[in-house]
Amino acid sequence: MDVQGRAGVRQYLVTAFCARLADEGVALAVVTLAVHRTGGAAQGAFVLTAWMAPHVLAAPLAGALAARARRPRLFHTSALGGFAMAIALLGFGVGRIPLPVVLAVAAVGGCCGPVVSGGMSSLVTRICPAGSDQDRAYAWDAVVYSAAAIAGPGVAGLAAGLSPAAAMSVMSVAAACAAALVAVLPLHPEPARDTSVAIRLRGDLASGLATVWRYRELRAITAATSLAFVGIGGLTTIAVLLGESRNHPEAGGLLMTAFATGALAGNVAIARARPAAPPHRLAVLGMLGTGIGLAAAAIVPLPLAAAAFFAIAGACDGLLLTATLRLRAHHAPPAMRTQVFTIGAGLKISAAAVGSALAGLATPNSGPRYLIGIAVLQTAAALSYLLIRRSPHRAARLRIPAPPADRPQGAAAGAQPGGADGPRPGG
């Protein structure tokens with residue numbers, strides 16, 4: 001990678017960090033604000049549900065719009081600007097204006113979420129050429145995810161110490177900074193689209209969903225990570241309950257900090273690895289390791305020992321994130337890549353919303369059992385990935401048409417003859 005390419009990747013990473021800092025910190029900020037203004041966390045929980053739930057519906061549309069955008073910088077700037085405005089409006093409205101209005105604002109802001117997560121990651125392929133440099137860029141992109149997962153709640157907590165409303169303002173400003181930075185990213189043009197295949201937006205929506213199904217690796221990693229995130233979505237609540245069940249109510253924050261720190265360490269290790277490990281192996285190792293770490297944490301009685309196992313689980317979850325980004329980039333056809341990223345991210349976040357709702361049924365005494373259940377889901381996700389990856393290809397039987405660009409990225413991305421699901425070295 002030349003000097004200009006490295007500078008572009010660094011600029012992207014700063015932009016992505018600002019966007020994800022806001023995305024990761026807004027949950028804590030809005031719940032803290034709800035408690036401050038209403039005396040309870042219920043309204044904050046409702047707002048978060050409205051914030052996350054639209055992802056599964058908004059993701060295909062966001063991906064299709066992003067892929068069709070003639071001015072991608074303007075599209076991402078607008079989406080991130082809308083994200084920032086929604087956070088600012090929530091900071092003003094929670095506890096002050098009718099709840100249905102607040103939920104509507106949260107739902108609109110949540111519709112921008114797929115652009116903040118998966119949509120941002122899709123820009124890496126327009127900054128960095130395919131190959132080992134792009135793999136490392138995606139590894140550093142995963143580092144940004146993990147760093148934001150640590151910094152977002154931390155910054156929100158510090159700002160909330162001054163004022164809960166100030167925490168929301170800080171998150172809004174972070175998203176606005178990302179909107180400004182993405183407007184000047186050095187993006188290379190995408191390959192020309194075949195307008196005879198995708199003339200209408202409706203066709204793009206169908207093609208995006210069909211691509212995730214048609215390419216076996218995409219189908220496998222999307223199904224597996226969605227199942228895994230049903231568990232991860234409830235992890236914060238269960239960590240708090242686990243601490244309470246052992247007479248250490250403050251331990252929940254320690255456990256989640258350990259998990260996020262472990263994820264960051266895992267991502268950094270993979271980013272520095274040369275050569276990069278095959279992503280399908282990383283995915284399986286990540287899911288199994290996360291499950292083992294969480295199961296061990298549910299058994300050990302000491303908070304510090306549980307935190308150590310949470311850190312191990314987090315490191316393995318970081319491996320899964322890196323593998324997921326690489327698999328999407330390697331196997332998605334160029335014309336469908338943005339949809340694949342946004343659909344995958346939207347399904348994961350919506351699955352996490354389901355997990356968060358299920359965790360709301362838990363009691364302090366049931367915390368260890370729920371944590372073991374989350375660990376079982378990680379193991380089940382790994383098994384589902386292996387089964388789908390090795391299953392006979394059935395897309396032709398469903399008569400799903402090939403996307404405009406039928407091969408992911410050519411030889412530079414590791415593509416081999418043999419169709420969408422053909423073997424790939426290292427992938």
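The model is a predicted one. Its chain has 427 residues, of which 54% count as buried, and its secondary structure consists of 16 helices and zero strands. Among contacts in the chain with a separation of 6 or more, 85% are between residues 24 or more positions apart.

Buried positions occur along helix 4 from Pro72 to Gly93. They comprise Pro72, Phe75, His76, Ala79, Leu80, Phe83, Ala84, Ala86, Ile87, Leu90, Gly91 and Gly93. Just after the helix, Gly95 adopts a positive phi of about 80 degrees.

Two packed helices are described by the distance between their axes and the angle between them. For helix 4 and helix 5 (residues 99-111), the axes come within 9 Å and cross at roughly 160 degrees. Angles over 145 degrees count as roughly antiparallel, and the two helices are therefore roughly antiparallel to each other. The crossing of helix 4 past helix 5 is left-handed. On the side of helix 4, the contact is made by Phe83, Ala86, Leu89, Leu90 and Gly93; helix 5 contributes Val102, Val105, Ala106 and Gly109. By class, this contact contains seven nonpolar and two polar residues, with no charged residues.

Terms used
Residues numbered from 1 in each chain as written. Predicted model: local features only at pLDDT ≥ 70, side-chain atom pairs only at ≥ 80, totals over all residues. Heavy atoms only, no water. Buried < 20%, exposed > 50% of the residue type's maximum accessible area, 1.4 Å probe, protein only. Helix = DSSP H or I, 4+ residues; strand = E, 2+ residues; numbered from the N terminus. Axes fitted to C-alpha atoms, helices over the stretch in contact; angles between N-to-C directions. Parallel < 35°, antiparallel > 145°, perpendicular 65-115°, else oblique. Left-handed = near helix turned anticlockwise from the far one by under 90°. Contact = heavy atoms within 4.5 Å. Nonpolar A, V, L, I, M, F, W, Y, C, P; charged D, E, K, R; others polar.
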